[in-house]
Amino acid sequence: MFKKAKLLFDKESFLFSELIKRDFKQKYKRTVLGMGWSVLSPLLNLLVMSLVFTRFFGRNTPHYTIYLFCGNLVFSYYRESTNGGMNALMANAHIFTKVNVPKYLFVLSKNVSSLINFGLNLCVFFLFVLFDGISFGPHFLALLYPIICLVVFNLGVGLILSALFVFFRDITYLYDVFTLLLNYLSAIFYKVDAFSPAVQRIFLLNPIYCYIKYFRVVVLEGNIPSLPFHLLCAFYAAAAAAVGGFIYKKYNHSFLYYV
């Protein structure tokens, strides 16, 4: 029995690694810069946002470029991971309809691919932090917490979206509108201090804003968020993973009839 379980684990590990390799090859196929676009694309986006919004929102905000970068970094990872996860099942239907493999591996591979891109951008982010005169310290290790929460949250949302996309193809168009709305509601380029305390608390209902705020508190303020804020971040991650896992467990066999 142990040998059989080991063979199954080896098969799934091999498939998982091959899926990640394939995702990278497909994403950068026939591009001159290849993986360089993983870093260049968000930097160009940051440059455009900085040029557009600095005059209107950042004139009185210290380290506004880093403020923007925090929001853009987290939101870009969320958008790439969940968009990839949404299409994961349909894009790999030709595999799991012929071979009995855990379907969550396809969503997980998309999340890992996006996480690697996020890691590359995080290195560039730290360079910007250094050049902007912000001192590093042990408190930067606290950034591991929102990153872990974000990985779990993105995986959960990806599981939910991929299942919905199998049954309702319209979800891709609705999600485009939703991510655009979420972009504006995540305080990426503006500060929430101008709003009343009641409105500021409403922003905490947005998980992406919470993860962005965690980054900003650590990097820009040099502090570590409170324990209730840690619990809130963990709650969003756990809730998304629980809902996504429940949907996959309940509808796992139904996917075959709709792809």
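Modeller: Let us begin with accessibility. Lysine 191 is partly exposed, at a relative accessible area of 36%; buried means under 20%, exposed over 50%, and partly exposed in between, with a 1.4 Å probe and protein chains only. Please note that this is a predicted model, in which local features need pLDDT of at least 70 and side-chain atom pairs count only at pLDDT 80 or more, while totals for chains, interfaces and linings use all residues. Residues are numbered from 1 along each chain as its sequence is written, and side-chain values use heavy atoms, with hydrogens and water left out.

Colleague: With which residue does lysine 191 form a salt bridge?

Modeller: A salt bridge requires a side-chain nitrogen of Lys or Arg within 4 Å of a carboxyl oxygen of Asp or Glu. Here the partner of lysine 191 is aspartate 193, at 3.7 Å from N to O. Aspartate 193 counts as exposed, because its relative accessibility is 53%. The count by this rule is 1 salt bridge.

Colleague: Which backbone atom does the side chain of tyrosine 64 reach?

Modeller: A polar contact is a pair of N or O atoms within 3.5 Å; within protein, one must be able to donate a hydrogen and the other to accept it, and residues adjacent in sequence count only if both atoms are side-chain atoms. The side chain of tyrosine 64 reaches the backbone oxygen of phenylalanine 189 at 2.6 Å. These two residues lie 125 apart along the chain, yet their C-alpha atoms are separated by 8.7 Å. Tyrosine 64 is buried, at 5% relative accessibility, and belongs to helix α3; helices (H or I, at least four residues) and strands (E, at least two) are DSSP runs numbered from the N terminus.

Colleague: Which residues touch the most other members of the largest nonpolar core?

Modeller: A nonpolar core is a set of buried Ala, Val, Leu, Ile, Met, Phe, Trp, Tyr and Cys residues joined through side-chain atoms within 4.5 Å. The largest one holds 51 residues, and those touching the most other members are Tyr78, Phe125, Phe153, Ile208, Tyr211, Phe215 and Val219. Its largest share, 12 residues, comes from α3.

Colleague: Is serine 162 buried or exposed?

Modeller: Serine 162 is buried, because its relative accessible area is 0%. This residue sits in helix α7. Leaving aside neighbours within four places in sequence, serine 162 is in contact (heavy atoms within 4.5 Å) with Gly85, Met86, Leu89, Val107 and Tyr248.
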